[in-house]
Amino acid sequence: MPRTKKIEKTVELTITAEVLDLTGKVTEKISLSKEIFGAKINKVLIAQAVRVRLANQRQGTASTKTRGEVEGSTRKIYRQKGTGRARHGSIRAPIFVHGGVVFGPKPRDYSLKFPQKMKRKALFSALSAKFNDGEIKILQDLEKLEPKTKKFVEVIKNLGLEHKKKKILLITGAEVENLKRATHNIEGVTMTAAQRLSTYDILNNRQLIFMKEAIEKLEQHFLRS
C-alpha cells in the first residue's frame with residue numbers, strides 16, 4: 001500500500017500589531033503573543049472575574065442593632081388588656097422609633113477566591129476581545145513626553161481619542177513620573193503597570209494604550225512567571 005504523507009499544521013504563536021509614535025503615525029510592526037491577544041474569548045469567565053473583583057472590594061462593615069442590643073427599658077410599656085391598643089411588651093420592639101432592626105446587616109466577609117489559572121485566562125480573554133475590537137493601541141517614546149497635561153492631550157488628539165466620555169487606560173512597563181504628572185488632571189484617563197493589569201481594569205475602560213515596553217513586561221509577568 002502506498003504510504004500517505006503526514007501533513008503537519010503549523011500553528012502561529014504570534015500575531016502582529018502596529019506601533020505608533022506620538023503623532024499617531026505607524027513606525028513599525030511587532031509580534032504579540034497569541035496566547036494573550038489571540039485567546040479564545042470566554043465571556044462567562046470574564047464575568048466571574050469581574051464579580052470576584054467587585055465582591056473583594058466590599059468592606060462588609062455595615063452593622064445594625066437588634067431589639068436585644070438597643071438601649072431602652074425592659075418594662076412592659078402599658079398593661080396587657082383594657083386599653084384598646086395592641087399588646088406590647090417592650091419599647092425596643094422594631095415597630096417603635098429607636099427600636100431594633102429586623103434582619104439588618106451585620107459585619108461579614110464578602111471576599112471570594114479565584115484560582116490563578118482562571119484569573120489569567122479571564123485576563124487573556126478580555127485583552128483578546130479588546131484587540132479584536134481595535135481598542136488597543138501601542139505607543140513608543142511615551143517616556144520622553146514632557147510632564148505637562150497639554151502634551152498628553154495632544155497625543156490623545158493625534159490618536160483620535162479626544163471624545164470626552166471615552167475612558168482610557170494607559171499601561172506602562174514601570175512607573176514613569178513624567179506620565180504620572182501629564183495624565184493626573186485629565187478626566188477619564190488612568191494609569192497602571194502591566195504587572196498589575198486586571199480583567200476589571202480592561203473592561204472598565206473603552207481604550208487601552210500600551211507603552212511598547214509594557215508589552216514585554218506583560219508577557220514576562222503572565223507567561224514566564
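Buried means under 20% relative accessible area, exposed over 50% and partly exposed in between, with a 1.4 Å probe and protein chains only. This is a predicted model, where local features need pLDDT of at least 70, side-chain atom pairs count only at pLDDT 80 or more, and totals for chains, interfaces and linings use all residues. Residues are numbered from 1 along each chain as its sequence is written, and side-chain values use heavy atoms, leaving out hydrogens and water.

View A. Rings of Phe, Tyr and Trp (its six-membered ring) pair if their centres lie within 6.5 Å; planes under 30 degrees apart count as stacked, over 60 as edge-to-face, the rest as tilted. The whole structure holds 3 aromatic pairs. Phe124 lies in helix H3 (residues 116-132) and Phe222 in helix H7 (residues 212-223), 98 residues apart. Helices (H or I, at least four residues) and strands (E, at least two) are DSSP runs, numbered from the N terminus. Phe124 is buried, at 7% relative accessible area. Phe222 is buried too, at 8%.

**View B. Ring pairs make a cluster of Phe37, Phe131 and Phe210.** Ring pairs link these residues.

**View C. Strand S3 pairs with S1 and with S6.** Two strands pair if DSSP finds at least two bridges between them. S1 (residues 14-20) and S3 (residues 136-139) are parallel, with 2 bridges. Val19 has Ile138 of S3 as its bridge partner. S3 and S6 (residues 207-211) also run parallel, joined by 4 bridges. Here Leu139 partners Met211 of S6.
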